[in-house]
Amino acid sequence: MKNLLSEKTVALKPSGIRKFFDIVSEMDDAISLGVGEPDFDTPWHIRDEGIYSLEKGRTFYTSNAGLKELKEEICYYTKRKQGVTYNPVNEVLVTVGGSEAIDIGLRAVINPGDEVLIPQPSFVSYEPCAIMAGGVPVIIELKAENEFRLTAQELEEAITDKTKILVLPFPNNPTGAIMERSDLEAIAEVIRKHDILVMSDEIYAELTYKEKHVSIIEIEGMRERTILINGFSKAFAMTGWRLGYACGPKEIIEQMLKLHQFAIMCAPTTSQYAAVEALRNGDEDVTQMRMAYNQRRRYLMHAFQKMGLECFEPFGAFYVFPCIKEFGMTSEEFASRFLVEEKVAVVPGTAFGDCGEGYLRISYAYSLDNLKLAIGKLASFVEKLRREKQK
């Protein structure tokens with residue numbers, strides 16, 4: 001059977017996040033801080049709209065590109081948040097989560113051998129999607145001393161005559177890093193100079209705690225060369241509804257639509273009706289959830305400071321990325337031992353790229369009570385490791 005399988009697919013590494021999630025699911029009384037999924041229920045008025053669509057018998061295919069009403073609301077939302085206008089007819093595509101948009105976005109623009117710049121640590125899907133599209137991933141290692149931001153110099157040094165597209169993953173999973181307007185302006189200058197594309201994954205755009213999120217599409221000359229990726233999973237607590245979208249130049253969206261037509265047909269109809277309600281009336285829900293996440297974020301930063309665990313302060317998403325290099329263990333060893341001895345699951349930094357070695361991703365998309373219990377166990381575990389080092 002092995003000889004009948006795709007060599008390219010076999011060579012892909014499975015998700016390092018799911019490895020620990022699967023282990024935790026088999027353990028009694030384990031606490032998981034590993035999965036990036038909001039602990040909030042989808043707001044009731046959004047669920048109610050989905051239920052109502054079922055009651056009304058709206059159970060048929062929608063247009064391949066998505067409901068007209070939803071595409072219009074996405075355009076209103078982007079105009080309201082970023083001040084950028086898209087045409088709902090041919091510049092917006094509704095997808096099955098942001099992950100599908102990443103996949104088909106890369107496949108729509110990559111030719112064999114094209115280089116895809118991927119800053120890491122970052123979301124696990126970018127590199128395998130680039131490979132499956134026939135591209136060559138080129139990793140840009142983000143540095144803690146730069147708060148895990150991408151600098152214009154790092155970008156310039158990574159570009160070659162084969163570079164086709166930059167993946168811009170901010171606010172960032174797993175580090176929680178953000179890019180400010182000045183950062184993006186410097187990046188945009190390099191992008192325009194070399195005439196390459198950008199895929200800007202902004203799924204965490206609503207979850208920033210320092211200042212309002214700035215998108216690279218707001219920077220001069222970038223709307224026309226950017227595939228904007230967003231969705232409903234994180235901001236509206238709609239992970240299981242599986243709904244995302246892409247906005248971009250019609251020439252790219254047209255090609256993405258072809259791939260979407262053949263592989264998916266259309267995104268779930270019920271989810272699309274619920275998403276219309278989310279965009280129209282969900283701002284207050286997002287505000288309340290963001291306030292809760294920020295409270296948890298501040299608690300974790302205080303707890304790390306108290307236990308003397310190094311961690312730069314993240315201002316986006318719902319992750320912290322503490323450094324565990326002092327213990328002389330790999331991220332995998334630390335996470336595995338922590339899980340076995342304390343029954344708490346975190347994700348090794350290497351799940352997000354080799355340069356994540358020496359770090360852990362801890363999600364605070366969990367209740368404050370769970371966080372306090374888990375962090376109490378982490379403090380005890382850290383103290384035990386330090387005593388062991390002194391022997």
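Q: Which residues is valine 136 in contact with, leaving aside its neighbours within four places in sequence?
A: In this predicted model, valine 136 is in contact with Gly113, Asp114, Glu115 and Val116. Contact here requires heavy atoms within 4.5 Å. Valine 136 belongs to strand S4, residues 136-141.

Q: Why is valine 136 called partly exposed?
A: The relative accessible area of valine 136 is 37%. Buried means under 20% and exposed means over 50%, with partly exposed in between.

Q: What makes tryptophan 241 buried?
A: Tryptophan 241 has a relative accessible area of 18%, and the limit for buried is under 20%. The value is under that limit, therefore tryptophan 241 is buried. The residue sits in the loop between strand S7 (226-231) and strand S8 (244-247). Beyond four places in sequence, tryptophan 241 touches Thr42, Ile46, Arg47, Gly50, Pro268, Thr270, Ser271 and Ala274. As for valine 286, it lies 45 residues from tryptophan 241 in sequence and 17 Å from it in space, C-alpha to C-alpha.

Q: How do you know whether aspartate 195 counts as buried or exposed?
A: Aspartate 195 has 58% relative accessibility. Exposed means over 50%, so aspartate 195 counts as exposed. Its place is the loop between H8 and strand S6 (197-201). Aspartate 195 is not a glycine, but its phi is positive, at about 55°.

Q: How do you know whether alanine 317 counts as buried or exposed?
A: Relative accessibility is 0% for alanine 317, and buried means under 20%; alanine 317 therefore counts as buried. Alanine 317 also has a positive phi, near 60°, in a residue other than glycine. The loop that holds alanine 317 runs between H11 and S9.

Q: Why is H4 called roughly parallel to H10?
A: The axes of helix H4 (residues 68-82) and helix H10 (residues 269-281) cross at roughly 25° and come within 9 Å. Angles under 35 degrees count as roughly parallel, so H4 is roughly parallel to H10. The crossing is left-handed. From H4, the residues in contact are Glu69, Leu70, Glu73, Ile74, Tyr77 and Arg80; from H10, they are Gln272, Tyr273, Ala275, Val276, Leu279 and Arg280. By class, the contact of H4 with H10 has seven nonpolar, one polar and four charged residues.

Q: How do H3 and H10 cross?
A: Helix H3 (residues 44-55) and H10 have axes that come within 8 Å and cross at roughly 145°. This crossing is right-handed. H3 supplies His45, Ile46, Glu49, Gly50, Ser53 and Leu54 to the contact, and H10 supplies Thr270, Tyr273, Ala274, Glu277, Ala278 and Asn281. The residues of the contact of H3 with H10 divide into five nonpolar, five polar and two charged.

Q: What makes H11 and H13 roughly parallel?
A: H11 and H13 pack at about 15°, and their axes are 11 Å apart. The cut-off for roughly parallel is under 35 degrees; H11 and H13 are therefore roughly parallel to each other. H11 passes H13 in a right-handed crossing. On the H11 side the contact consists of Gln295, Arg296, Tyr299, Leu300, Ala303, Phe304 and Met307, which meet Leu368, Leu371, Lys372, Ile375, Leu378, Ala379, Val382 and Arg386 in H13. The classes in the contact of H11 with H13 are eleven nonpolar, one polar and three charged.

Q: Which residues have the most contacts inside the largest nonpolar core?
A: They are Leu33, Phe304, Phe334 and Leu378, in a core of 41 residues. Elements giving two or more residues to this core are helix H11 (283-307), strand S9 (319-320), helix H12 (331-342), strand S12 (360-363) and helix H13 (368-390). Among the residues touched by leucine 33, beyond four places in sequence, are Val344, Val346, Ile362, Tyr366 and Leu371.

Q: What is omega for the peptide bond from glutamine 120 to proline 121?
A: Omega is near 10°, and the bond is cis. Proline 121 is in the loop between strand S3 (115-120) and helix H6 (126-132). Phenylalanine 170 and proline 171 are also joined by a cis peptide bond, with omega about -10°. Proline 171 is in the loop between strand S5 (163-168) and helix H8 (181-194).

Terms used:
Residues are numbered from 1 along each chain as its sequence is written. This is a predicted model: local features need pLDDT of at least 70, side-chain atom pairs count only at pLDDT 80 or more; totals for chains, interfaces and linings use all residues. Side-chain values use heavy atoms; hydrogens and water are left out. Axes are lines fitted to C-alpha atoms, for helices over the stretch in contact, and angles run from 0 to 180 degrees between N-to-C directions. Helices (H or I, at least four residues) and strands (E, at least two) are DSSP runs, numbered from the N terminus. Angles under 35 degrees count as roughly parallel, over 145 as roughly antiparallel, 65 to 115 as roughly perpendicular and the rest as oblique. A crossing is left-handed if the near helix is turned anticlockwise from the far one by less than a right angle, and right-handed if clockwise. Ala, Val, Leu, Ile, Met, Phe, Trp, Tyr, Cys and Pro count as nonpolar, Asp, Glu, Lys and Arg as charged, and the others, Gly among them, as polar. A nonpolar core is a set of buried Ala, Val, Leu, Ile, Met, Phe, Trp, Tyr and Cys residues joined through side-chain atoms within 4.5 Å. Buried means under 20% relative accessible area, exposed over 50%, partly exposed in between (1.4 Å probe, protein chains only).
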